[in-house]
Each structure stands twice: as structure tokens, then as C-alpha cells.
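User: I have some questions about the labels used for this model. Please set each one against its cut-off.

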Amino acid sequence: METTIYNIKKGHEFYSVFGNKINKYQYLCIYPSPNPEYETPENYHIILDKHSEKPVRIYHKNLTQMLEENLNTYEEAKQKVRKYLEAQLNRFEEYY
């Protein structure tokens with residue numbers, strides 16, 4: 001089953017790749033609010049950046065994009081970086 005903002009559990013670890021940078025995160029919770037109307041999956045969430053061990057507030061659309069990458073292991077994240085670097089090398093060879 002694919003993890004989404006609706007079924008993600010506290011403690012779920014996942015990776016995100018941006019360019020050739022791999023980030024590891026751990027899901028903590030929906031962002032608490034004094035108004036219960038805002039404590040929904042379609043609002044802000046808190047994830048833990050495992051590199052800095054600092055919490056990050058993230059909007060649901062950004063979290064959804066990260067979860068859609070479906071990178072649950074470091075090996076999967078490395079493969080995505082490899083594809084990115086190979087594409088860059090191919091573009092370099094094509095233009096130079």
C-alpha cells in the first residue's frame with residue numbers, strides 16, 4: 001500500500017531527492033492548532049529532518065509530492081540520484 005497524507009503513521013521514515021541531494025525524514029504528526037478545523041491532513045504537517053534532527057513544518061501538497069516519490073530506502077534514493085546524474089551527463093555530451 002502506498003503511503004499518502006491520509007494513511008501515514010507517526011514514525012514513518014522516507015527519503016526525498018532534489019537534484020543529487022538525498023534527504024531522510026521521519027513523519028511526526030499533523031501540525032497542531034488551537035482551532036481543530038485546521039488539524040486535517042489537507043493542512044500542515046510536521047516532519048523531522050533526520051540529518052539535522054530538527055522539525056520541519058511542511059504543507060500537505062509538498063509532503064504529498066515527497067511521498068509520491070515512494071523512496072523508502074536509501075538504495076531507492078541512490079538509484080534516483082543515479083538516474084538524475086546520468087541524464088545530466090547525457091545532456092552534457094549532447095551539447096558539448
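**Labels and their cut-offs**

User: Why is I5 called buried?

Analyst: The relative accessibility of I5 is 8%. Buried means under 20% relative accessible area, exposed means over 50%, and partly exposed lies in between (1.4 Å probe, protein chains only). I5 therefore counts as buried. This is a predicted model, where local features need pLDDT of at least 70 and side-chain atom pairs pLDDT 80 or more, while totals for chains, interfaces and linings use all residues. Residues are numbered from 1 along each chain as its sequence is written, and side-chain values use heavy atoms, without hydrogens or water.

User: Where does I5 sit, and what does I5 touch?

Analyst: I5 belongs to the segment before β1. Strands (E, at least two residues) and helices (H or I, at least four) are DSSP runs, numbered from the N terminus. Contact means heavy atoms within 4.5 Å. Beyond residues up to four places away in sequence, I5 touches P41, H45, H60, L63, T64 and L67. N90 is another matter: 85 residues along the chain from I5, with the two C-alpha atoms separated by 35 Å.

User: What makes I5 part of a nonpolar core?

Analyst: Such a core is a set of buried Ala, Val, Leu, Ile, Met, Phe, Trp, Tyr and Cys residues joined through side-chain atoms within 4.5 Å. I5 is one of the 10 residues in the largest core, with I8, F14, Y25, Y27, I47, I58, L63, M66 and L67. β2 and α1 (60-68) each supply at least two of its residues. α1 gives the most, with 3 residues. There is also a second, separate core of 5 residues, including V17, L71, A77 and V81. In soluble globular proteins, nonpolar side chains tend to be buried together.

User: Which contacts does Y27 make?

Analyst: Setting aside neighbours within four places in sequence, Y27 contacts I8, K9, K10, G11, H12, F14, H45, I46, I47 and L63.

User: How do you know that β1 and β2 pair?

Analyst: Two strands pair if DSSP finds at least two bridges between them. β1 (residues 13-18) and β2 share 6, in the antiparallel sense, so they meet the rule. S16 stands opposite N23 in β2. The hairpin has 2 residues between its strands, and G19 there takes a positive phi near 70°.

User: How many bridges link β2 to β3, and how many link β3 to β4?

Analyst: β2 and β3 pair antiparallel over 5 bridges. C29 has I46 in β3 as its bridge partner. β3 and β4 (residues 54-59) are joined by 6 bridges and also run antiparallel. Here H45 is partnered by I58 in β4.

User: What makes the phi of E53 worth a note?

Analyst: E53 has a positive phi of about 60° although it is not a glycine. Most residues other than glycine have a negative phi. E53 lies in the loop between β3 and β4, a hairpin with 4 residues between the strands. Its relative accessible area is 47%, so E53 is partly exposed.

User: Why does N70 count as partly exposed?

Analyst: N70 has 38% relative accessibility, so it falls in the partly exposed class. N70 is not a glycine, yet has a positive phi of about 55°. Its loop runs between α1 and α2 (74-95).

User: What makes the space beside N70 a cavity, and which residues line it?

Analyst: On a 1 Å grid over the protein atoms alone, a cavity is a set of points where a 1.4 Å probe fits but cannot get out; lining residues have an atom within 4 Å of a point. Grid points are joined across faces, edges and corners, and a volume is the space filled by probe spheres set on the points. The whole structure holds 1 cavity of 30 Å³ or more. The largest cavity has about 50 Å³ of space. Its lining is T3, H12, F14, Y15, M66, L67, N70, L71 and N72.

User: Is N43 buried or exposed?

Analyst: N43 has a relative accessible area of 13%, so it is buried. N43 sits in the loop between β2 (21-30) and β3 (44-49).

Methods: 1 Å grid on protein atoms, 1.4 Å probe; cavity = no way out; pocket = protein on both sides within 12 Å on 5 of 7 lines; lining within 4 Å.
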